Every structure is written in C-alpha cells, then in structure tokens.
Amino acid sequence: MIIAREQDVTAAALAVMERTSDPRMQQIMVSLVKHLHGFVRDVRLTEKEFRDATSIIAELGKLTTDTHNEVVLMAGSLGVSSLVCLLNNGDQGNTETDQSLLGPFWRLNSPRVENDGSIVRSETPGAPLFVSARVVDKDGRPVVGAEVDVWHASPVGLYENQDPEQANMNLRGKFTTDADGRFSFRSVMMIGYPIPTDGVVGRLLEAQGRHPYRPAHLHALICKPGFKVLISQVYDPNDPHIDSDVQFGVTQALIGKFVRHETPHPTARDVSATWYSLDHTYRLEAGEAVLPRAPIK
C-alpha cells in the first residue's frame with residue numbers, strides 16, 4: 001500500500017498482521033498494532049518522545065544482567081505482571097488465587113533442605129522465623145511429594161545475589177512435601193525493601209513521586225506433575241507498605257499470619273527472645289507443570 005494519509009499506516013500494518021499463520025500470534029499482533037497505534041494517536045506522541053521511548057526500551061535490555069532483570073522490574077512497576085497473573089488464575093480473575101508474580105529474583109537449583117531445616121547459610125542477624133506450610137489441591141487434599149522452592153530478602157532488605165555480605169543461596173531452599181502435604185523450615189524474619197532504583201524504573205518512580213517499597217514477603221514456587229506450577233508470595237500485614245506495594249502484588253488471599261512470640265521457642269533451645277511463626281496453606285490448581293524461565297542466574 002502506498003501511504004496517502006496517517007490512517008493508511010494502521011490499515012497497512014493490520015493487513016500484514018492478519019496474514020500471520022499462527023492463529024494466536026495473529027490475534028496478539030493485530031491487537032498490538034490496534035492498541036499501539038491508538039496510543040500514539042491518543043497522546044499525539046512527538047518525534048522526540050518516540051526517540052526517547054526507543055532509547056528507554058534499549059536501556060531496559062542493557063540493564064538486564066545475570067543478577068538483575070530491569071524488564072521484569074518495569075513490568076511489575078506498571079502493574080502488568082500482577083494483571084497477567086490475575087487474568088490467568090482464579091477462574092480467569094473471577095475468584096481468589098494463591099498465584100502471584102514471580103518477581104526478578106528467583107533462581108534455579110536452590111539447595112535441597114530437609115523439613116525443619118534452616119535456609120540461613122551465613123550470619124544473618126534478625127528475629128528467628130519458623131514456617132510450617134501445607135500444600136493442598138482445590139478440594140483440600142494434601143499434595144504429597146511436591147517440590148517447593150522458597151526464597152526471601154534478608155532483614156536488611158536485600159536478596160543474597162544483591163549483597164556480597166551474604167553467602168551464595170542464603171535464605172533460599174528447596175523442600176519436598178511429606179505425606180500430609182507439609183513442609184517446614186527455619187529462617188529469619190524478613191522486612192520490606194526498596195526495589196532497585198538506579199535504572200529506568202527508578203527514574204519513573206521519581207517522576208511520579210512514588211515510593212519504591214515492597215512490603216515484607218516470603219516467596220514460594222511449588223511444582224508437582226499434574227498441577228499448574230504455583231508461584232506465590234505471602235505478605236506480612238503489619239508492614240507499613242502493605243497497602244501501597246510499588247509492584248501492585250498484594251491481594252487479600254496472599255496476606256499471611258506472621259505471629260510474633262515473646263516466650264521461648266518450645267523446641268529450639270537457642271531461641272529465648274522474640275521470634276515469629278507462619279502457618280500457611282498453598283492451594284494448587286490442576287494443570288501442566290511447566291517451570292518458568294528464571295529471570296536471573
């Protein structure tokens with residue numbers, strides 16, 4: 001098509017997209033062109049703004065490394081990660097779900113830990129946390145032999161890949177559920193933390209006057225053949241940013257019961273001061289067990 005006016009550009013692009021042989025890809029590309037061209041018209045995007053936008057997209061890629069994923073961070077900061085998650089779970093967004101966003105810090109090959117073991121691998125000051133969790137199906141029956149990856153930030157608000165003071169794989173571990181669908185471990189109580197702000201996402205937050213904080217949370221990724229992989233986060237309701245998560249990830253179903261104790265722990269003899277406990281149930285949906293691509297190494 002020879003372009004005679006600006007409307008012709010969209011018509012020409014749509015004609016090409018509609019020739020895509022794969023039906024799903026055709027649907028996505030046609031919709032993408034419609035919305036992208038509509039966005040450009042809606043905001044009357046200037047040539048300078050277009051050049052700036054392409055530079056930002058290129059910068060997102062350059063800032064993504066083996067230990068940091070700026071693209072995933074941006075998707076969360078725009079609410080896209082949370083929206084995709086909720087649209088694809090909980091009866092397509094109509095009911096509550098234990099699913100959550102993966103985030104930019106999951107790593108493959110976490111060390112295997114026996115139930116009741118510790119995931120603390122280097123000196124990590126903080127109040128002890130004892131987690132007892134159960135994995136069940138949609139009818140409440142225990143899921144036996146599920147693999148459970150857990151990970152969380154330290155009491156200074158850093159994951160171990162961000163902090164040279166922490167040992168490799170500190171506060172990460174892989175468990176197997178027992179005959180009752182349970183797994184349990186010891187760690188330290190995490191705190192909320194600011195997401196990295198030294199890149200494109202940081203500039204966006206500054207321009208919008210937004211804080212960079214995520215409320216304290218525990219990550220889990222649960223895998224068992226016959227079930228959809230569950231990616232979940234359990235949030236501490238007492239965190240000051242529980243209702244203003246910079247990544248839009250907190251839902252009612254993901255708020256946990258982190259209980260503070262001031263009496264000695266009943267079995268851990270080294271714990272006599274403040275400690276915390278979390279008892280939580282994760283629910284799996286039937287489906288195909290496909291692991292996501294790890295955002296970092």
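Modeller: Arg214 is buried, with a relative accessible area of 4%. This is a predicted model, where local features need pLDDT of at least 70, side-chain atom pairs count only at pLDDT 80 or more, and totals for chains, interfaces and linings use all residues. Residues are numbered from 1 along each chain as its sequence is written, and side-chain values use heavy atoms, with hydrogens and water left out.

Biologist: Why is Arg214 called buried?

Modeller: Buried means under 20% relative accessible area, exposed means over 50%, and partly exposed is in between (1.4 Å probe, protein chains only). Arg214 has 4%, so the residue counts as buried. Asp245, at 6%, is therefore buried as well.

Biologist: What makes Arg214 and Asp245 a salt bridge?

Modeller: A salt bridge needs a side-chain nitrogen of Lys or Arg within 4 Å of a carboxyl oxygen of Asp or Glu. The N to O distance between the side chains of Arg214 and Asp245 is 2.7 Å. Arg214 is in strand E7 (residues 213–214) and Asp245 is in the loop between strand E9 (230–235) and strand E10 (258–261), so the bridge ties together parts that are 31 residues apart in sequence. Strands (E, at least two residues) and helices (H or I, at least four) are DSSP runs, numbered from the N terminus.

Biologist: How many salt bridges does the structure hold, and which residues do shared partners join into one network?

Modeller: The structure holds 18 salt bridges. One network, built from salt bridges that share partners, joins Arg134, Asp180, Arg182 and Asp279.

Biologist: What is the accessibility class of Glu147, and of Arg112?

Modeller: Glu147 has a relative accessible area of 33%, so the residue is partly exposed. Arg112 stands at 47% and therefore counts as partly exposed too. Their side chains meet in a salt bridge at 2.7 Å, N to O. That pair links distant parts of the chain, with Glu147 in strand E3 and Arg112 in the loop between H6 and E1, 35 residues apart.

Biologist: What makes Arg107 and Glu160 a salt bridge?

Modeller: The closest N and O atoms of Arg107 and Glu160 are 2.3 Å apart. Arg107 sits in the loop between helix H6 (90–93) and strand E1 (117–118), and Glu160 in the loop between E3 and E4, 53 residues apart. Both Arg107 and Glu160 are buried.

Biologist: Why does Ser154 count as buried, and what does its side chain make a polar contact with?

Modeller: Ser154 counts as buried because its relative accessibility is 2%. Its side chain makes a polar contact with the side chain of Gln166 at 3.5 Å. A polar contact is a pair of N or O atoms within 3.5 Å; within protein, one must be able to donate a hydrogen and the other to accept it, and residues adjacent in sequence count only if both atoms are side-chain atoms. Ser154 lies in the loop between strand E3 (147–151) and strand E4 (172–176).

Biologist: Why is H4 called roughly parallel to H7?

Modeller: Helix H4 (residues 70–77) and helix H7 (residues 200–208) pack at an angle of about 25 degrees, with axes 9 Å apart. That angle makes H4 roughly parallel to H7. Angles under 35 degrees count as roughly parallel, over 145 as roughly antiparallel, 65 to 115 as roughly perpendicular and the rest as oblique. Axes are lines fitted to C-alpha atoms, for helices over the stretch in contact, and angles run from 0 to 180 degrees between N-to-C directions.
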